[in-house]
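Subject: Structure handover

Hello,

Here is the structure I promised to pass on. Please open it and keep it beside you as you read my notes.

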Amino acid sequence: MSALAWALVAVPLAAGALLGLTGRRWNRQAPALGVAAAVVTLVLAVAAALLRPAASAPLLAGIEAGLRVDGLSAVTALTVAAVTVAVLVFAAGELGREANQGRFFGLMLLFAGSMLVTVTATTLPPLLMAWEAMGATSWALIGYRWQEPQRVRAADVAFLTTRTADLGLYLAAGAALAGGVGSLRLDELPTAASPWLHVAAAGVVVAALGKSAQLPFSFWLSRAMEGPSPVSALLHSAAMVAAGAYLLLRLVPLQAAAGWAGPLVAWAGAGTALLLGLVAVAQTDLKQLLAASTAAQVGFMVLGAGCAAVAAGTTQFVAHAATKAGLFLAAGAWLSALGTKRLPALRGAARTHPMVGGAFTVGALALAGLPPLSLWAAKDEVLAAARVHGWALYAVGLAAAVVSALYSVKALWYVWRPLPRNAADGYDTEGPGTRRVTRLMRAPLLVLAFAAATLGVLALPGPADRLRTLVGDTGGPSPQPWEAALSAGAALAAAAFAWWRGPRPLPASGRAAGWAADWLGLERAARTLVVRPVTALAQLLADLDDRVIDAAVRRLALGGLSAARLTARFDAGGIDALVGAVAAGARRLGRWARRPQTGLLHQYYAQAVIGLAVLLLLVLLTG
């Protein structure tokens with residue numbers, strides 16, 4: 001049984017590493033090999049969901065690297081594996097032969113494999129490793145076209161932002177050890193002694209909010225749009241961005257033990273869902289609109305986690321993964337065919353490519369929360385949990401659901417307009433379009449559109465009860481009929497208003513609209529409040545090092561040289577001179593001592609007589 005758990009994560013990681021190392025050498029075979037590895041991973045995920053394997057291996061003294069597929073990880077692992085297959089099939093039809101396909105498919109499999117480790121880890125060490133690997137591979141994928149400097153800068157911003165928040169997990173691990181959780185098991189974190197319990201909870205919350213692009217970290221998601229469309233589809237649907245929400249759902253007991261963490265997480269999710277929804281409404285770039293909507297929709301998952309509604313958050317996770325993957329792939333199909341992602345230039349795109357337009361329409365209507373599609377039912381589950389925790393929280397969540405309809409229908413309005421006569425003038429702003437959508441690109445769109453339309457069954461009474469039992473959330477509230485009617489009516493009214501309003505901006509001041517279009521100025525705020533002070537501090541420390549510490553070291557070195565010269569002079573003029581004088585005196589004495597050594601016997605007798613006379617004189621004088 002443990003072999004299945006290891007195989008679930010080993011197959012995508014090993015296949016990804018192999019393809020990544022081969023690079024262009026297997027360029028023609030890489031798409032097929034990548035898709036095959038993803039299909040095998042999906043089969044393993046299905047088997048793991050049925051058999052629930054567990055595995056562990058010793059890592060450090062008293063700490064194991066553990067993996068386990070339970071109810072929550074079974075659902076998320078299946079979702080990750082299924083979306084990965086769809087995205088890689090699309091990528092096989094989109095990427096040209098001139099691209100480094102080995103590196104691309106290898107990185108995508110490593111990315112998906114890291115997410116699978118994240119959702120099956122039972123201890124902090126493998127979770128930390130997967131968390132880091134996911135961040136590193138996302139950086140490489142966002143900056144995949146590294147020849148273009150703006151894409152590399154975007155990858156750097158995304159990586160550094162999430163990396164900063166990731167430090168919270170290290171803080172949580174250290175606090176857990178200090179609080180007596182020597183095994184670092186996730187299910188034992190709530191038993192940490194106070195105040196370390198609160199430190200661990202704070203670290204987890206910061207790391208999760210950063211990874212899931214929740215406020216105030218949301219701006220990195222805008223930069224991630226510089227990556228290829230398949231990267232955006234996987235990153236925004238079932239991996240990376242969803243990882244933080246999953247971690248909060250997994251660690252609901254830790255939030256409950258800390259007390260303050262649950263309400264903070266709930267309000268962070270609700271606030272992000274509303275404010276980033278308004279950001280999406282203000283966008284004129286399709287991928288930027290979808291990116292802001294991702295942060296907003298993940299906000300509903302975070303809201304569910306803060307309200308301890310694990311089943312509701314999981315339903316939102318699954319429905320959003322299918323919906324958002326399909327929307328990003330449809331946007332990628334238009335970008336590949338028409339060479340643009342600007343909404344005004346995409347007028348009539350759904351008419352030009354009706355199959356893509358149909359799939360996009362189903363996904364957009366699901367994203368809008370219109371009944372009976374999946375995200376309508378999923379949001380109602382989350383809102384029901386929010387209502388239990390307070391009417392204010394419910395009102396903010398409901399307002400965010402209304403805003404979802406505004407930005408979703410706005411995108412639909414553009415793509416279904418009649419095709420303008422000069423439509424081609426707006427094409428090829430991002431690169432030359434191919435003017436076609438291949439079969440491999442179309443097939444995943446149909447599957448994901450069907451999933452976006454039907455996955456709402458998870459919120460129906462029977463499946464919802466089974467899902468609650470599966471994830472251990474049997475006490476979660478269910479939406480009342482009036483709640484479902486209210487959310488459906490509000491979404492339909494907002495959708496009708498957005499269609500009637502068309503491209504005209506919402507009634508708001510120019511400054512507010514510009515603020516929303518600029519992602520609330522979050523990146524500028526981060527540069528002002530964090531980057532510039534840190535850079536200034538680094539420059540100050542560098543100047544201190546150069547002007548004070550280095551200067552002191554140089555002066556000390558010069559002093560040493562001066563002392564060495566003085567010592568050399570003393571050595572040469574004093575000690576060496578004294579030694580030379582002693583040697584010279586010894587030589588003189590030697591010469592004097594050689595003079596009596598004539599070899600004549602009578603001289604030796606005379607010398608002896610003189611010596612005896614001197615001794616006798618001394619005796620007489622001293623006696």
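How much space lies in the largest cavity? The answer is about 60 Å³. Keep in mind that this is a predicted model. A search of the whole structure turned up four cavities of 30 Å³ or more.

Sorted by class, six lining residues are nonpolar, two are polar and two are charged. Two helices, α17 (374-388) and α21 (481-501), each supply at least two residues of this lining. Which one gives the most to the lining? That is α17, with four residues.

Next, a pair of helices. Find α2 (residues 30-51) and α4 (residues 101-120). Their axes come within 9 Å and cross at roughly 15°. Angles under 35 degrees count as roughly parallel, so α2 and α4 are roughly parallel to each other. The crossing of α2 past α4 is right-handed.

Which residues make the contact? On the α2 side they are Ala-30, Pro-31, Gly-34, Ala-37, Ala-38 and Thr-41. On the α4 side they are Gln-101, Gly-102, Phe-105, Leu-109 and Leu-116. What classes do the residues of this contact fall into? Seven are nonpolar, four are polar and none is charged.

Best wishes

Terms used:
Residues are numbered from 1 along each chain as its sequence is written. This is a predicted model: local features need pLDDT of at least 70, side-chain atom pairs count only at pLDDT 80 or more; totals for chains, interfaces and linings use all residues. Side-chain values use heavy atoms; hydrogens and water are left out. On a 1 Å grid over the protein atoms alone, a cavity is a set of points where a 1.4 Å probe fits but cannot get out, and a pocket is an open set with protein on both sides within 12 Å along at least five of seven lines; lining residues have an atom within 4 Å of a point. Grid points are joined across faces, edges and corners, and a volume is the space filled by probe spheres set on the points. Ala, Val, Leu, Ile, Met, Phe, Trp, Tyr, Cys and Pro count as nonpolar, Asp, Glu, Lys and Arg as charged, and the others, Gly among them, as polar. Axes are lines fitted to C-alpha atoms, for helices over the stretch in contact, and angles run from 0 to 180 degrees between N-to-C directions. Angles under 35 degrees count as roughly parallel, over 145 as roughly antiparallel, 65 to 115 as roughly perpendicular and the rest as oblique. A crossing is left-handed if the near helix is turned anticlockwise from the far one by less than a right angle, and right-handed if clockwise. Contact means heavy atoms within 4.5 Å.
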